[in-house]
Amino acid sequence: MGDWRNYFSFQGRLNRKPYWLMSLAVIGVGIVAFMVVGMLAAMLNLFWVLAAPLLIAFLWANLSLNTRRAHDRGKSAWWLLLYQGVPTLLNVLRFAALQGGGSPGPA
């Protein structure tokens with residue numbers, strides 16, 4: 001599998017098998033880490049401060065993996081804005097509307 005630092009880089013390509021293996025590893029580590037932070041935060045609210053750097057690291061690794069997979073498929077990483085950025089933005093706007101008392105509309 002090579003040097004682990006390559007998995008946080010945006011350079012190069014990543015074919016299907018290493019992409020899925022690393023995606024599963026990142027998701028698994030992220031779930032365990034957020035569970036631990038959640039349990040610690042239940043004891044002391046100060047531990048929620050640990051969630052921000054953890055979320056940034058999780059997003060960085062995920063964006064890196066998806067960028068290199070796009071490069072392997074011959075696409076630019078800018079396509080990730082369309083396939084990941086737009087749905088994320090729409091979810092944030094929906095959450096903001098729900099918090100502001102807006103109606104979510106028909107389901």
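1. A nonpolar core is taken here as a set of buried Ala, Val, Leu, Ile, Met, Phe, Trp, Tyr and Cys residues joined through side-chain atoms within 4.5 Å. In this predicted model, the largest such core has 6 residues: L14, Y19, M22, V26, A61 and L65. Helices α1 and α2 each supply at least two residues of the core, and α1 gives the most, with 3 residues.

2. Helix α1 covers residues 16-43, 28 residues in total. From its first C-alpha to its last it reaches 41 Å, close to the 40 Å expected at 1.5 Å a residue.

3. The buried positions of α1 are Y19, M22, S23, V26, G30, A33, V37 and A41. Their packing partner is α2, residues 51-72. Y19, M22 and V26 also belong to the largest nonpolar core. As a general remark, nonpolar side chains tend to be buried together in soluble globular proteins.

4. The salt bridge count for the model is 1. The pair is D72 with R69, and the closest N and O atoms are 2.8 Å apart, which lies within the 4 Å cut-off for a salt bridge. Both residues lie in helix α2, 3 residues apart, or about one turn of the helix.

5. How exposed or buried are the two partners? D72 is partly exposed, with a relative accessible area of 28%. R69 has a relative accessible area of 16% and is classed as buried because the limit is under 20%.

Terms used:
Residues numbered from 1 in each chain as written. Predicted model: local features only at pLDDT ≥ 70, side-chain atom pairs only at ≥ 80, totals over all residues. Heavy atoms only, no water. Helix = DSSP H or I, 4+ residues; strand = E, 2+ residues; numbered from the N terminus. Expected span 1.5 Å × (residues − 1). Buried < 20%, exposed > 50% of the residue type's maximum accessible area, 1.4 Å probe, protein only. Contact = heavy atoms within 4.5 Å. Salt bridge = Lys/Arg side-chain N within 4 Å of Asp/Glu carboxyl O.
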